[in-house]
Amino acid sequence: SATPVISLWHTLYTFIADGPFSPGFDRAMPSINSEGTPTEFAGYQAMLESANGVIVFTFRGFDSPKHPVAGHVHRVGPLRESHPARERSSRPFVLVGLSSVFTDQSSVLNELVTALGTLPVDALVTTGRGVAPDEVNAPDNVEVVQYAPHDELLPGADLLITHGGCG
């Protein structure tokens, strides 16, 4: 019998699976098939449909309602590291999140933290994988981390600065 296959998704399922990026992934299939996979797939969608299950680490609300999702696709919400609770000061709290962008945002982040350093606020900046936190020259009132649970921090934020990503 064949080995069961579960596909793990960390991004928007319908956007990639049958949305605007699907043709790009289809062009990558010859490279994927050459990696010694037991089955050759005609396209990315065929590969996903052949999996016994697909686990998606985002919320349903982020996906397009125009595209139906097969019954073997299960959304479980985002995976995240646990972080200690943030102590609240009397100053306004600013959350900066550019963390789902994988390009080098170090100059933008450094400009943001420089500006925040001139204000009577406390700020937390998340960098994601695109920038190491030590590449950002943060003043004393700004903490820079790679990841933080935005859903836990947003209720206490007075201001959110973001690019509108999926992080």
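Author: This is a predicted model. Its largest nonpolar core has 13 residues, and those touching the most other members are Val94, Val96, Leu109, Leu116, Val125, Val136 and Val142.

Reader: Which elements give two or more residues to this core?

Author: Strand S4 (93–97), helix H4 (106–116), strand S5 (122–126) and S6 do. H4 gives the most, with 3 residues.

Reader: And what does Val142 touch?

Author: Leaving aside residues up to four places away in sequence, Val142 touches Val113, Leu116, Ala123 and Val125. Nonpolar side chains tend to be buried together in soluble globular proteins.

Reader: What does the second core include?

Author: That one is separate and has 10 residues, including Tyr44, Ala51, Val56 and Val73.

Reader: OK, sheets. What is the strand order in the open sheet of 4 strands?

Author: The order is S6-S5-S4-S7, and the pairing is parallel. S6 and strand S7 (159–162) are the edges with a single partner strand each, so one side of each has no neighbour in the sheet.

Reader: How many bridges pair S5 and S6?

Author: There are 4 bridges, in the parallel sense. Within that pairing, Val125 has Val144 in S6 as its bridge partner.

Reader: Where does H4 sit?

Author: H4 lies across S4, S5, S6 and S7, and runs at about 175° to S4.

Reader: Now the other sheet. What is its order?

Author: The open sheet of 3 strands is ordered S1-S2-S3, with parallel pairing. Strand S1 (6–9) and strand S3 (73–75) are its edge strands, each pairing on one side only. Its neighbouring strands are turned by 20° against each other on average, direction ignored.

Reader: How many bridges join S1 to S2?

Author: 4 bridges join them, and the two strands run parallel. Gly53 in S2 is the bridge partner of Ile6.

Reader: And between S2 and S3?

Author: Strand S2 (residues 53–56) is joined to S3 by 3 bridges, again with the strands running parallel. Ile55 faces His74 in S3, and Val56 stands opposite Arg75 in S3. Val56 is also one of the residues in the second core.

Reader: Changing topic: how many salt bridges does the structure hold?

Author: The structure holds 1 salt bridge. Asp122 forms it with Arg91, and the closest N and O atoms are 3.0 Å apart.

Reader: What does the pair tie together?

Author: Asp122 is in strand S5 and Arg91 is in the loop between S3 and S4, so the pair links parts that are 31 residues apart in sequence.

Reader: Is Asp122 buried or exposed?

Author: Asp122 is buried, at a relative accessible area of 17%. Arg91 is partly exposed, with 32%.

Reader: Last thing, confidence. What does the protein chain average?

Author: The chain has an average pLDDT of 79, and 79% of the residues score at least 70.

Reader: Where is confidence lowest, and where is it highest?

Author: Confidence is lowest in helix H1 (residues 13–17), with a mean of 69, and highest in strand S6 (residues 142–145), at 94.

Notes: Residues numbered from 1 in each chain as written. Predicted model: local features only at pLDDT ≥ 70, side-chain atom pairs only at ≥ 80, totals over all residues. Heavy atoms only, no water. Pairing = 2+ DSSP bridges. Axes fitted to C-alpha atoms, helices over the stretch in contact; angles between N-to-C directions. pLDDT = per-residue confidence, 0-100. Core = buried A, V, L, I, M, F, W, Y, C linked by side-chain atoms within 4.5 Å. Buried < 20%, exposed > 50% of the residue type's maximum accessible area, 1.4 Å probe, protein only. Contact = heavy atoms within 4.5 Å. Salt bridge = Lys/Arg side-chain N within 4 Å of Asp/Glu carboxyl O.
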